[in-house]
Amino acid sequence: MLKRILALLAAGAVTLGLSACGSADPVGSSSTQTPGTTGSLVIGSQQYYSNEIIAELYAQALEADGYQVTREYQIGQREVYLPEMAAGRIDLLPEYNGNLLQFYDKQTTARTPAEVTAALADVLPAGLRPLDMAEATDQDSYTVTRATADEYGLVEIGDLANLPQPVKIGANSEFATRPYGIPGLRDVYGVEGVVFPIEDSGSALTVKALVDGDVQVADIYTASPAIEINNLVSLADPKALILPQNIVPIVSDAVDAQAADVINAVTAELGMADLIAMNTRSVNEQLSSSQIATDWLRAKGLL
Amino acid sequence: MNYLTEALAWIADPANQSGPNGILARLAEHLLYTLIATGGAALLAIPIGYAIGHTGRGSGLVVGATGAARALPTLGVLTLIALLAGIGIGAPLIALGVLAAPSILAGAYSGVQAVEPSTVDAARAIGMSEWQVLWRVEIPLGLPQLIGGLRSAVLQVMATATLVAYVGGGGLGRFLFLGLKTQDYPQMLAASLLVVALAVVCEGLFEVSVRVSLARKAARSRSPQLIGG
Amino acid sequence: MNWLTNNLPAIWTALMAHLALSLPPIAASFLISLPLGWAAQRYRWLRFPLVTGLSLIYAIPSLPLLIVLPLILGTTVRSPVNVVVALTFYGIALMVRSVADALDAVPRDAVTSATAMGYSPLRQFFAVELPLAGPGLLAGLRVVAVSTMALVTVSAVLGVHSLGALFTDGFQRGIIAEVVTGIVGTVALALLVDRALVAIGWVSMPWLRVRSAQSETGGSA
């Protein structure tokens, strides 16, 4: 009985869903589209505004070179888009080398950007490869307010031992188990920490919690405009606890040598200051990703 | 479903059950959030629902307001309040209260409003004051609808209370998000199962109270066909 | 308000995607709930499992459901089909009770007369019970429609495009105008669909017009 109901339900819903999407979706960007033929690429982005801007850089550069581009931005997290990339439904997506490596290899011992990128080529599914990595990195950081840094004389992560233990850290919940999080903090620097989970990946709410004093330390990405705006201090990591997160475009076999050249040309210009400046425009001037991308590519002479 | 057995094993593991981050503590938090949010919404919505149902004035307002409130996306309300108010359970509790209010308001209102006019007139005819009409006739007779409203409110809030963990709170959502973010799907599924189990228990309690209130209503009202009306 | 003027095309796209994602589950849950609600009302022993049992679907948190469903359906997480099926489940959870209650409210006299006149059960349902249950069904459908329009936004967390994307993006960038636009857009769209349903009810149930006209003139001030 239940099985029949379920089957009926699924069938009905599927039919309706398909018919509605066929007629009512004006942009035609439904994911049921088949991947493009030669000269046509599907570009995706993470659900992260900064990542969307980078994806848009590649999209516009490729379009300028005559490629046809389909944009599939703001796709959830790795567990959502990586299977789709492996299945050939997305041809290009800007990634972060450290976290991507850790997604496939939780026990990785690679620490420097070069080591990480080298290891990456081995763990990616067949049909996917990394292109050149950028100088720009967007990595986790132990960040405190200027006032806290001055009061306790904080310069590097190990100095957190000066604070009352355990230190209260605002971060995503996974920070409690990741090697660069609580376990690594204890093993590498001898500091006891406890996570106050805020699931916004170090964005507005985490920053607010830090500035309001609800937490003493926050995990904020180094390319976040909030660091400069709020005069925050990211603590140095001399013992390389945190994996580097250089931007590295992951591409499918549909990306030929010519397209790879276009992509690498963009990546080569993408420095740390560039990334922070573009993120700041997104947050402060509230511009669309396409506007920010066009301005930057023009300024670099890539358009 | 391999995940399912793993999820059950995760729940059964004593290491996951006790302590400040254990299942029992999270379950209690979850229940507490649900109680506070639904209770707060009820304190506000029930008097308004009764007032409108009794006087008959502003019934268009109820329909409009409950409709609009139902359309409010909880995720959006939560993010908005959180951006304005910062972390802590304040923002999620308000968002959950907003989620609970329409069902309760509609339940209180429709319960009073659905009482047969002849019954109300009869109560007035035997000399009851308006307060007595409300207290002794309309509220008891409208109890099944109110409980129905509370019931759907509790169910909705309980399922949505997982979002409290999204902005720094506790509850069963903590397991859900940790499982989601670390690709620990058994843990994520276990969290969902716990939420559903909690809801089943609450539904059971509500079913009992509905039957009791229906029986009372049948005893009070002299016309038996009122049942289920 | 910078954000609003800078992103008008994106808002329009999100609105349309939102509609395309929410209308199919509203229709599907209504159609599927009709026979289920009828069975629950007709056979007393089915009422508890169908009405209470199905309403428990509402207790399933939407996020894990959207992740688990593809494993069962064989679709990808971002497939609209996945979202449509999940939302249909939630719609049924609300609607079956409404259908059963609406059929309950049909005067027994009318049903008995129809039986006495020799109506077949099927004809009796479509010619007598369904029209008389119309107002209750419409009320239930309006609740389902509005809730579904609001619930669609959750799928944004998984990268399915709707007005919900404005929440996740606005949350990260700390742009309040973006989040507010998402909320206002969702509510406005839901109320628009609600009005449309009322209009459909108005056209398809002409006898209601007479009754509401009467109650308006007869109502006390």
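Modeller: Two residues are in contact if their C-beta atoms, placed from the backbone, lie within 7 Å. This is a predicted model, where local features need pLDDT of at least 70 and side-chain atom pairs count only at pLDDT 80 or more, while totals for chains, interfaces and linings use all residues. Residues are numbered from 1 along each chain as its sequence is written, and chains are lettered from A and ligands numbered from 1 in the order in which they are written.

Start with C:V96. Leaving aside neighbours within four places in sequence, C:V96 is in contact with C:S33, C:L36, C:G37, C:A40, C:L50, C:V51 and C:L54.

Now widen the view. The largest nonpolar core has 220 residues. Such a core is a set of buried Ala, Val, Leu, Ile, Met, Phe, Trp, Tyr and Cys residues joined through C-beta atoms within 7 Å. Buried means 20 or more other C-beta atoms within 10 Å; exposed means 12 or fewer, and partly exposed lies in between. C:V96 is among the residues with the most contacts inside this core, with A:Y58, B:I104 and B:M158. Helix α5 (residues 80-104) of chain C gives the most to this core, 17 residues. Helices here are DSSP runs (H or I, at least four residues), numbered from the N terminus. Domain 1 (37-137 + 245-299) and domain 2 (142-234) of chain A, with bounds from an automatic or database assignment, both give residues, so the core lies between them.

Next, the side of chain C that touches chain B. Here 33 residues of chain C are in contact with 28 residues of chain B. Helix α9 of chain C gives the largest share of that side, ten residues.

Key: Helix = DSSP H or I, 4+ residues; strand = E, 2+ residues; numbered from the N terminus.
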